[in-house]
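Thank you for making time for this today. I would like to walk through one model with you, going from the chain as a whole to a few single residues.

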Amino acid sequence: MSVPFVLFYIFAALAVVSALAMILNVRNTVASVMSLVVTMVSLAGIYVLLAAYLVAAIQIMVYGGAIVVLFLFVVMLLNLRSDEFLPARQRWMKFAGALLGVFLLVEGLRLLGGFHEPPPLPEGFGGYRLLGLSLYTDYLLIVEVISLLLTAAIVGALILAKREID
Amino acid sequence: MVPVDHVIGLSALLFVIGLVGVMTRRNLIVMLMSIELMLNAVNLAFVGFNRLWPQGPVGAGEASLDGQVFVLTVIAVAAAEVAVGLGIVISMFRNRDSVNIDDVSLLRW
């Protein structure tokens, strides 16, 4: 039992508990958003344990910083009533639930059989240098497409949130 | 040493929690947050598999960060999705005075 081993299970338990708290909290949407922050930060901790250092930093900055704050902003902007779970009206919901249960059961049984040792890390794995080299040489097209997508999203969000389109 | 197989199991669990959130909640903001949770579960699987094969599929001896590049892509797409989705939430609240999806069932068959 090494330290990363124990830390992983602590972060995993935190992530699962706060994710459950997010979807089960029907009274207070702000508390639900706060649970999402805990999930994001514990996932960033798991990324550090998996040697994805730059991704962990970006996870905290983008998810914990930008996206969740945006959610919080909208929740506080709108005056929300509490809602409750409605009984499932469609019959196929039961089959979907059973399918999900079988999926998780198979996954859990698969995990009971022990785990693979991850191989030793190559030099510079997960750092900004290799990731940047990969992004700006092999995956340059993806970066360009993402810049287009973000521009389109900005324009779309502006038009959607505008009161009147002239 | 981190148990990578359990990382994949955690990813499946988080994905299912997000899916249940989308299916059962009626609050559009919580549904969007559950979608974010599902995207995060996929990111976790990408990072875990990249840790399990840090030299790519061929194993040429050099570090290969393809999985983490995809994670960055997913994060950027998620940011765009949140911007547009919250714009839709705001305009829906302005028109219907509610964020309950049962109030916007006009396009339902």
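Predicted model: local features only at pLDDT ≥ 70, side-chain atom pairs only at ≥ 80, totals over all residues.

A compact globule of 166 residues would have a radius of gyration near 15 Å, whereas chain A has 21 Å. Along its principal axes, the C-alpha trace of chain A spans about 55 × 40 × 30 Å. Of the 166 residues in chain A, 23% are buried. When we look at the contacts in chain A with a separation of 6 or more, 59% of them are between residues 24 or more positions apart.

Now to the two chains together.

Two packed helices are described by the angle between their axes and the distance between the axes. Helix 3 of chain A, residues 53-77, packs with helix 2 of chain B, residues 28-52, at an angle of about 175°, and their axes are 12 Å apart. Because of that angle, helix 3 of chain A is roughly antiparallel to helix 2 of chain B. From helix 3 of chain A the contact is made by Val55(A), Ile67(A), Phe71(A), Val74(A) and Val75(A), and from helix 2 of chain B by Ile29(B), Met33(B), Glu36(B) and Val47(B). Sorted by class, this contact has eight nonpolar residues, no polar residues and one charged residue.

In soluble globular proteins, nonpolar side chains tend to be buried together. Here the largest nonpolar core has 66 residues, and those with the most contacts inside it are Ile46(A), Tyr47(A), Leu14(B), Ile29(B), Met33(B) and Leu44(B). Among the elements that each supply at least two residues of this core are helix 1 and helix 6 of chain A, together with helix 1 and helix 3 of chain B. Helix 2 of chain B gives the most to this core, with 13 residues.

Finally, a few single residues. Most residues other than glycine have a negative phi. Ala51(A), however, has a positive phi of about 65° although it is not a glycine, and its place is in the loop between helix 2 and helix 3 of chain A. Is Ala51(A) buried or exposed? Ala51(A) is buried, because 20 other C-beta atoms lie within 10 Å.

In chain B, Asp97(B) also has a positive phi, near 60°, and Asp97(B) lies in the segment after helix 3 of chain B. Asp97(B) counts as exposed, because it has 10 C-beta neighbours inside 10 Å.

Back in chain A, Leu140(A) lies in helix 6, residues 140-161, and counts as exposed because it has 11 C-beta neighbours inside 10 Å. Leu140(A) and Gly126(A) are 14 residues apart in sequence and 18 Å apart in space, C-alpha to C-alpha.

Note on methods
Residues numbered from 1 in each chain as written. Chains lettered and ligands numbered in written order. Rg over C-alpha atoms; globule rule 2.2 N^0.38 Å. Buried ≥ 20, exposed ≤ 12 C-beta atoms within 10 Å, placed from the backbone. Contact = placed C-beta atoms within 7 Å. Axes fitted to C-alpha atoms, helices over the stretch in contact; angles between N-to-C directions. Helix = DSSP H or I, 4+ residues; strand = E, 2+ residues; numbered from the N terminus. Parallel < 35°, antiparallel > 145°, perpendicular 65-115°, else oblique. Nonpolar A, V, L, I, M, F, W, Y, C, P; charged D, E, K, R; others polar. Core = buried A, V, L, I, M, F, W, Y, C linked by C-beta atoms within 7 Å.
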